[in-house]
Structure formats: structure tokens, C-alpha cells
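Please read it alongside the sequence and the structure.

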Amino acid sequence: MAAAIAMVPAAAMASDDDDWEIGIVLDAAATSRKLALGARDKNLGLGHSDLFLSGPLGEFLSAEAALAVHTVDGRLDRHADKLLLRTQPFAAGLSAVAGRF
């Protein structure tokens with residue numbers, strides 16, 4: 001038997017462009033046995049859960065980050081899905097983006 005909880009409150013602090021935005025996706029489950037194809041570990045486990053951050057870094061730059069955590073074989077695995085640094089649009093409407101996609 002499996003029970004799953006999914007919380008998806010993408011909580012934007014404010015709609016102003018000068019503020020940071022934060023979002024969370026939490027996926028937790030409890031099972032009485034390990035599920036096939038490595039979908040879930042036995043007992044309480046954390047599914048693919050994410051933390052999103054986005055906001056300005058001064059007048060000309062902005063940053064975005066998506067960090068993920070989940071359990072694999074009883075261990076907590078964490079990694080960065082996306083880390084970006086973006087410039088404000090130039091005169092022609094183009095912007096430069098650098099980071100890990």
C-alpha cells in the first residue's frame with residue numbers, strides 16, 4: 001500500500017520585479033515494500049522534490065535556480081537541475097544567459 005503527498009504551493013512573495021520568487025514541490029510517500037522499477041523505496045521516502053528561486057542581482061542581472069532532492073536506495077540524493085545568470089535585454093531585445101541548464 002502506498003500513500004503519497006504532493007504539495008505544490010508556488011509561493012511568489014510579490015509581483016514586483018525587484019523581489020525574489022520562491023517555489024516548492026514536495027513529493028513524499030510511505031510504502032510497505034519497495035516498488036518495481038525503482039519508483040519508490042520501502043518505508044518513508046522522498047520523491048523528486050524541487051526548490052525554485054528566481055530574482056534580481058542588481059540592476060543588470062537576474063538569477064534562477066532549481067534544486068532537486070529525492071531518496072535513492074535509502075540515501076538522500078541532491079543536485080542542481082538549473083542554475084542561470086541572465087542579463088537584462090540589450091538594445092536589440094537580446095539578452096545573454098550563462099549557467100547550467
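Strand 2 (residues 21-31) pairs with strand 4 (residues 49-57) in the antiparallel sense, over five bridges. Two strands count as paired if DSSP finds at least two bridges between them. The model is predicted: local features need pLDDT of at least 70, side-chain atom pairs count only at pLDDT 80 or more, and totals for chains, interfaces and linings use all residues. Residues are numbered from 1 along each chain as its sequence is written, and side-chain values use heavy atoms, with hydrogens and water left out.

**Strand pairing**
- Isoleucine 22 has leucine 53 in strand 4 as its bridge partner.
- Strand 2 also pairs with strand 3 (residues 43-46), in the antiparallel sense and over four bridges.
- Opposite alanine 30 stands leucine 44 of strand 3.

**Overall make-up**
- The protein has seven strands and zero helices; helices (H or I, at least four residues) and strands (E, at least two) are DSSP runs, numbered from the N terminus.
- Of the 101 residues, 20% count as buried, meaning under 20% relative accessible area with a 1.4 Å probe, protein chains only.

**Confidence**
- The mean pLDDT (the predictor's confidence in each residue, from 0 to 100) is 78, and 76% of the residues score at least 70.
- Among the elements, strand 4 has the highest mean pLDDT (93) and strand 1 (residues 2-7) the lowest (38).
- Over residues 1-15, pLDDT stays under 50.
- Where pLDDT is low, the predicted coordinates should not be read in detail.

Methods:
Buried means under 20% relative accessible area, exposed over 50%, partly exposed in between (1.4 Å probe, protein chains only). Contact means heavy atoms within 4.5 Å.
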